[in-house]
Amino acid sequence: MAAKIVEEFGYDEVNLNCGCPSQKTINGCFGAQLMYTPDLVAEICQAMIQTVNIPVTVKCRLGVDDLDQWDHLINFITTVSEKGGVNKFILHARKAFLSGLDPKANRNIPPLKYDWVLRLKQEFPHLELVINGGFTNIQMMHDILKEENQLTGCMVGRMAMNNTWELAKFDREFFPHLVNPAQPVLTRRELIFKYADFAQEEQNKEEAKGLRISNTILLRPIINLFHGEFKGGDFRKHIGVAATKPQYLNKIRELLEDQLSEYEKSNPEALETKEGARIVRPTQVFEQNQ
């Protein structure tokens, strides 16, 4: 069973996705299509709970197509929690349109309804509710996670991919009690090379099996690491082009070393920043051009 495989890989929890808005879900009976069948979701979750020793959670939307009224959502949460035994829900705070909108448009066009998630917490105070959707900066997260809202957490997706360096602030912003002041804070250069070592090790493991993990896939988590900074767009462009070059086949660490050396010529200060600090106008570069 898929849930057992997830557990064996060492994950902290296994999540059933009832929120994917792809039109392919209509005939496949997965993703947001599952919101039409809360009893089936409950049955699936109960089977998963009986199979694994890690928490089973559900991610869903507030509704799907015409099944988008408050009572429909209440019925879904009630059924899945009471019959399925699920205690934690991650709620993308907008409905899904399986007809008329593609997955990308479904991430932006349906209006966000944070108030519905807060109302759900009042209706189900015993459940853990995590809110998701439209959170683009840390201040928005702080605002929604105010103590009076009683939410378990806030999930970000696009922010992590599109504004990756912002994540470097998270530990001190949200988990200061877990931060060890004696532990040195890594610079962005050090973090990139730490990731490069990990990525190279993964490539080596797969190569030993006769398989391959492409550079393109492994670079996705860091391709936007200089988003919004001087020449950050060039870094993204150049690293994307380099990923497909034969000379870097299964040599991701060498690729990153070369590309960082190039970017350092444009924005050397950015590589030494820590905890999400950004360099929009590098002093050394602009002083040289005056």
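**Core packing, salt bridges and aromatic pairs**

Phe 198 has a relative accessible area of 43% and is therefore partly exposed. In this predicted model, Tyr 195 is the aromatic partner of Phe 198, in a tilted arrangement with 5.9 Å between ring centres and 45° between the planes. Tyr 195, at 18% relative accessibility, counts as buried, the cut-off being 20%. Both residues belong to helix H10, and because they are three residues apart, about one helical turn separates them.

The search of the whole structure returned seven aromatic pairs. One of them is formed by Tyr 114 and Phe 135, whose ring centres are 4.9 Å apart; with an angle of 20° between the planes, the pair is stacked. This pair joins distant parts of the chain, with Tyr 114 in helix H6 and Phe 135 in the loop between strand E4 (128-132) and helix H7 (138-144), 21 residues apart. Tyr 114 is partly exposed, at 21%, whereas Phe 135 is buried, at 6%. An aromatic cluster is made up of Phe 226, Phe 235 and Tyr 263.

The largest nonpolar core has 46 residues, and those touching the most other members are Cys 18, Val 58, Phe 76, Ile 77, Phe 89, Leu 91 and Leu 120. The greatest contribution to this core comes from helix H4 (residues 70-82), which supplies six residues. A separate core of 25 residues includes Ala 199, Leu 225, Phe 226 and Leu 271. Beyond its neighbours within four places in sequence, Leu 91 contacts Cys 60, Leu 62, Ile 77, Val 117, Leu 120, Leu 129, Val 130, Ile 131 and Asn 132.

Helix H4 consists of 13 residues and spans 18 Å from first to last C-alpha, close to the 18 Å expected at 1.5 Å a residue. Its buried residues are Trp 70, Leu 73, Ile 74, Phe 76, Ile 77, Thr 79, Val 80 and Ser 81. They pack against strands E1 (14-18), E2 (56-60) and E3 (88-92), and against helices H3 (38-51) and H6.

Helix H6 (residues 114-123) also holds Lys 121. This lysine is buried but has no salt bridge, and Glu 128, the nearest side chain of opposite charge, is 7.8 Å away.

The salt bridges number 19. In one of them, Glu 13 meets Lys 88 with the closest N and O atoms 3.3 Å apart. Glu 13 is in the loop between helix H1 (2-8) and E1, and Lys 88 is in strand E3, so the bridge ties together parts 75 residues apart in sequence. Glu 13 is partly exposed, at 28% relative accessibility.

Arg 189 and Glu 272 form another salt bridge, at 2.5 Å from N to O. Here Arg 189 of helix H10 (residues 188-208) is linked to Glu 272 in the loop between helix H13 (252-266) and helix H14 (283-288), 83 residues apart. Glu 272 is partly exposed, with 41% relative accessibility.

Arg 278 and Glu 229 are also bridged, with 4.0 Å between the closest N and O atoms. Since Arg 278 lies in the loop between H13 and H14 and Glu 229 in the loop between helix H11 (215-219) and helix H12 (232-242), the bridge ties together parts 49 residues apart in sequence. Arg 278 is partly exposed at 28%, while Glu 229 is buried at 7%. Through shared partners, salt bridges connect Glu 166, Lys 169, Arg 188, Glu 229 and Arg 278 in one network.

Note on methods: Residues are numbered from 1 along each chain as its sequence is written. This is a predicted model: local features need pLDDT of at least 70, side-chain atom pairs count only at pLDDT 80 or more; totals for chains, interfaces and linings use all residues. Side-chain values use heavy atoms; hydrogens and water are left out. A nonpolar core is a set of buried Ala, Val, Leu, Ile, Met, Phe, Trp, Tyr and Cys residues joined through side-chain atoms within 4.5 Å. Buried means under 20% relative accessible area, exposed over 50%, partly exposed in between (1.4 Å probe, protein chains only). Helices (H or I, at least four residues) and strands (E, at least two) are DSSP runs, numbered from the N terminus. Contact means heavy atoms within 4.5 Å. Lys and Arg count as positive and Asp and Glu as negative; His and the chain ends are not counted. The expected span of a helix is 1.5 Å times one less than its number of residues. Rings of Phe, Tyr and Trp (its six-membered ring) pair if their centres lie within 6.5 Å; planes under 30 degrees apart count as stacked, over 60 as edge-to-face and the rest as tilted.
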